[in-house]
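Dear colleague,

Please find the structure below, handed over for your study.

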Amino acid sequence: MKSNLKYNRIKIVLLEQERSSKWLSERINKDKSTVSRWCTNDMQPSVETLFQIAEALNVSPKDLLNDLFVQENS
């Protein structure tokens with residue numbers, strides 16, 4: 001069963017920077033279909049690769065991850 005959780009924000013950061021998944025795949029030397037699967041959250045990059053992506057996009061690795069545990073303010 002596929003989870004509906006969006007663990008990463010790679011696609012969002014790429015859109016914010018007006019860059020493509022193809023650009024990212026070339027920049028970090030990964031297959032474009034793999035990067036596409038990260039962008040759709042069908043699979044997740046390794047921690048090492050997440051740091052490479054962050055470096056390529058000039059952002060913090062934390063900026064590439066969604067907050068999974070949101071606390072409601074009372």
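**Findings: helix packing, core and a loop residue**

In H2, the residues Ser21, Leu24, Ser25 and Ile28 meet Lys32, Val35, Trp38 and Cys39 of H3; contact means heavy atoms within 4.5 Å, and helices are DSSP runs (H or I, at least four residues) numbered from the N terminus. By class, this contact has five nonpolar, two polar and one charged residues.

The model is predicted, so local features need pLDDT of at least 70 and side-chain atom pairs count only at pLDDT 80 or more, while totals for chains, interfaces and linings use all residues. Residues are numbered from 1 along each chain as its sequence is written, and side-chain values use heavy atoms, with hydrogens and water left out.

The largest nonpolar core has 14 residues, and Ile10, Leu24, Ile53 and Leu64 have the most contacts inside it. Such a core is a set of buried Ala, Val, Leu, Ile, Met, Phe, Trp, Tyr and Cys residues joined through side-chain atoms within 4.5 Å; buried means under 20% relative accessible area, exposed over 50%, and partly exposed in between (1.4 Å probe, protein chains only). At least two residues of this core come from each of H1 (10-16), H2 (21-28), H3 (32-39) and H4 (47-57). H4 gives the largest share, five residues.

Met43 lies in the loop between H3 and H4. Its relative accessibility is 28%, so Met43 counts as partly exposed. Leaving out residues up to four places away in sequence, Met43 touches Asn8, Thr34, Arg37 and Trp38.

Definitions and conventions
Ala, Val, Leu, Ile, Met, Phe, Trp, Tyr, Cys and Pro count as nonpolar, Asp, Glu, Lys and Arg as charged, and the others, Gly among them, as polar.
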